[in-house]
Amino acid sequence: MKTLFTGLLVVFLGTFLGYLVHIDSGYIAIYYNNWTLETSVWVGIIMILLMYLVIHTLSRLFLHLFKINRYVSNWSSRHANKKYLQYSLKGIKEFAEQNWRQAEISMKKAAHFNKSSIPSYISAATSANRQSAYRRRDDFIQKALE
């Protein structure tokens, strides 16, 4: 119903505008030095609207170009959070299944994607400890302390 109403409104406005153009097309003349521009009012209005559209589009484009660094930063942050969650869940699953080597690998990767990675390093250290890899355990604990 809303689409039908919009369509009828566009048809009515188009018919009304056509009627106005038919009655009197008007005349615009612009003189500057040795340069002259002559056109009808309606073509002048359309040209002004097109110039506005071009200027508006270009200004929006430049505005977005100046913000591209923030867009990339936001995308990178969302991507890192997604990877952190993916590796953390995989590590927790492997840890629960007592697959210590895979749990250690997954938690180490999860720690790489998160700035506050203490839980990931502690889980990786626990997994390394269960494998009797004490040097790797100590390295993970040291990274967690840092």
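The structure described here is a predicted model. Ser25 belongs to the loop that links α1 (2-23) to β1 (28-32). Apart from neighbours within four places in sequence, Ser25 is in contact with Ser40, Val41 and Trp42. The C-alpha atom of Ser25 is also separated by 9.5 Å from that of Thr39, a residue 14 residues apart from Ser25 along the chain.

The packing of two helices was examined next. Helix α3 (residues 68-96) and helix α5 (residues 118-130) have axes that come within 11 Å and cross at roughly 30 degrees. Angles under 35 degrees count as roughly parallel, and α3 and α5 are therefore roughly parallel to each other. Their crossing is left-handed. On the α3 side, the contact is made by Tyr84, Ser88 and Phe95; on the α5 side, Ser120, Ser123, Thr126 and Ser127 take part. Two of the residues in this contact are nonpolar and five are polar, with no charged residue among them.

Helix α5 also contributes to the largest nonpolar core of the model. This core comprises nine residues in all, namely Met107, Ala111, Tyr121, Ala124, Ala125, Ala128, Ala133, Phe140 and Ala144. Two or more residues are given to the core by each of α4 (100-112), α5 and α6 (134-145). The greatest contribution comes from α5, with four residues.

Ala128, one of the core residues, has contacts with both nonpolar and charged residues. With neighbours within four places in sequence left aside, Ala128 is in contact with the nonpolar residues Ala133 and Phe140 and with the charged residues Glu104, Arg136 and Arg137.

Glu104 itself lies in helix α4. The relative accessible area of Glu104 is 2%; the limit for a buried residue is under 20%, and Glu104 is therefore buried. When neighbours within four places in sequence are excluded, the contacts of Glu104 are with Ala124, Ser127, Ala128, Gln131, Arg136 and Phe140.

Key
Residues are numbered from 1 along each chain as its sequence is written. This is a predicted model: local features need pLDDT of at least 70, side-chain atom pairs count only at pLDDT 80 or more; totals for chains, interfaces and linings use all residues. Side-chain values use heavy atoms; hydrogens and water are left out. Axes are lines fitted to C-alpha atoms, for helices over the stretch in contact, and angles run from 0 to 180 degrees between N-to-C directions. Angles under 35 degrees count as roughly parallel, over 145 as roughly antiparallel, 65 to 115 as roughly perpendicular and the rest as oblique. A crossing is left-handed if the near helix is turned anticlockwise from the far one by less than a right angle, and right-handed if clockwise. Contact means heavy atoms within 4.5 Å. A nonpolar core is a set of buried Ala, Val, Leu, Ile, Met, Phe, Trp, Tyr and Cys residues joined through side-chain atoms within 4.5 Å. Buried means under 20% relative accessible area, exposed over 50%, partly exposed in between (1.4 Å probe, protein chains only).
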